[in-house]
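Me: I would like to go through the geometry of this model with you, asking at each step which value and which cut-off stand behind a word. Please set each value against its definition before you conclude.

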Amino acid sequence: MGVGLSSGIGRPGRHLPRRDDPIGSLTGGLCERLRLRPGLGGSIRGRSGRTDGLAFAATVERAAAGLSRRGLCLGDVVGVLAPVSPDRFLASYTVMAVGGRALTVRPESDPDAQCAALAETDARLLLVSEDLAPRGLELAERSRVRQIITFGSAPGTTPFDELLLPSPDGNGYSPARGLFDNGLLGYESTGDGILTTLHTHHDLLARFAELRQALDLTPDDIVAVDRRGEEPTRLALVALALWTGACVVAGEGCPPPEGRGVTVECAPDPVRVAPPHGNG
């Protein structure tokens with residue numbers, strides 16, 4: 001059975017108080033914060049275009065409710081196979097928002113390592129970018145993965161947009177549902193097989209707080225993330241940027257907004273490379 005998500009932004013009188021910190025997961029409460037502060041702005045950009053912060057956060061919540069309806073249980077592992085991009089962050093935040101553990105299946109890994117990581121963590125569901133759908137289908141044949149959800153469309157997979165359909169019973173989403181056993185899973189190949197590492201919700205929140213203090217982000221910052229660095233740091237940095245109202249540019253070859261330059265890089269540790277544009 002699913003986790004029975006309830007309440008949410010669509011129910012009058014059931015809103016969370018305005019928050020400055022995540023609850024339950026790195027994006028828990030973000031939608032409410034941005035909805036109540038429309039001037040805060042913020043966006044995330046990839047090669048395929050731009051999404052404003054509120055729309056991104058709302059999609060995470062709707063998709064989390066959709067995963068719950070499909071039977072995702074607290075602590076379940078879901079593979080995420082996508083390059084560094086908005087899709088990858090959307091998938092990971094969605095899994096953690098519903099109380100699951102997101103396993104980053106690195107595209108640069110060889111298929112044997114990818115399959116071993118899925119088998120070691122007993123993943124039954126895989127979220128993939130459209131260009132990697134063929135690899136996802138191949139991995140499903142060699143693992144216990146039984147469903148593949150694709151950003152886009154590909155034969156033999158389920159479109160991500162199906163997660164965003166309205167709930168038949170009217171249930172929405174509550175960020176507190178992520179407080180159970182969520183987190184991020186990483187893996188590496190060793191001489192004895194696959195070694196997995198769990199970065200818990202508390203670990204990710206601690207990194208979020210460290211970056212908030214060290215970087216002092218503002219809504220005028222442009223934050224760039226690519227393959228450099230570690231996934232837990234990327235997830236915390238992108239979430240922090242969205243909470244701040246900054247602009248995120250995600251992935252190789254994704255340009256910043258016209259006339260502006262990157263002010264913070266994850267290279268491989270997050271570092272400020274220029275002052276916020278409003279202070280320049």
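Me: Within what distance do the axes of helix H3 (residues 86-97) and H7 come, and at roughly what angle do they cross?

Reply: The axes of H3 and H7 come within 11 Å and cross at roughly 90°. As to the basis, this is a predicted model in which local features need pLDDT of at least 70 and side-chain atom pairs count only at pLDDT 80 or more, while totals for chains, interfaces and linings use all residues. Residues are numbered from 1 along each chain as its sequence is written, and side-chain values use heavy atoms, with hydrogens and water left out. Helices (H or I, at least four residues) and strands (E, at least two) are DSSP runs numbered from the N terminus. Axes are lines fitted to C-alpha atoms, for helices over the stretch in contact, with angles from 0 to 180 degrees between N-to-C directions.

Me: Why are H3 and H7 called roughly perpendicular to each other?

Reply: Angles of 65 to 115 degrees count as roughly perpendicular, those under 35 as roughly parallel, those over 145 as roughly antiparallel, and the rest as oblique. The crossing of H3 and H7 is at roughly 90°, and the two helices are therefore roughly perpendicular. In this contact (heavy atoms within 4.5 Å), Arg88, Phe89, Ser92, Tyr93 and Met96 of H3 meet Glu231, Arg234, Leu235, Val238 and Ala239 of H7. These residues divide into 6 nonpolar, 1 polar and 3 charged, where Ala, Val, Leu, Ile, Met, Phe, Trp, Tyr, Cys and Pro count as nonpolar, Asp, Glu, Lys and Arg as charged, and the others, Gly among them, as polar.

Me: How do you know the orientation of H2 relative to H3?

Reply: Helix H2 (residues 53-69) and H3 pack at an angle of about 50°, with their axes 8 Å apart. That angle makes H2 oblique to H3. H2 passes H3 in a right-handed crossing. Phe56, Thr59 and Val60 are among the H2 residues in the contact, and Phe89, Leu90 and Tyr93 are among those of H3. The contact residues divide into 11 nonpolar, 2 polar and no charged.

Me: Is Thr59 buried or exposed, and what value decides it?

Reply: Buried means under 20% relative accessible area, exposed over 50%, and partly exposed in between (1.4 Å probe, protein chains only). Thr59 has a relative accessible area of 19% and is therefore buried. Leaving out residues up to four places away in sequence, Thr59 touches Leu90, Phe160 and Leu164.

Me: Why does Leu179 count as partly exposed?

Reply: The relative accessibility of Leu179 is 48%, so this residue counts as partly exposed. Leu179 lies in the loop between strand E7 (158-159) and strand E8 (183-190). With residues up to four places away in sequence not counted, Leu179 touches Gly24 and His201.

Me: What makes strand E2 (49-52) and strand E13 (270-272) stand at the edges?

Reply: In an open sheet of mixed pairing, 6 strands follow the order E2-E1-E11-E10-E12-E13. Strands E2 and E13 each have a single partner strand, so one side of each is left without a neighbour in the sheet; two strands pair if DSSP finds at least two bridges between them. Neighbouring strands of this sheet are turned by 20° against each other on average, direction ignored. Strand E10 (residues 222-225) and strand E12 (residues 264-266) run parallel and are joined by 2 bridges. H3 lies across strand E1 (43-46), E10 and strand E11 (247-250), running at about 130° to E1. H7 also packs on the sheet, touching E1, E10, E11, E12 and E13, and the direction of H7 makes about 160° with that of E10.

Key
Left-handed = near helix turned anticlockwise from the far one by under 90°.
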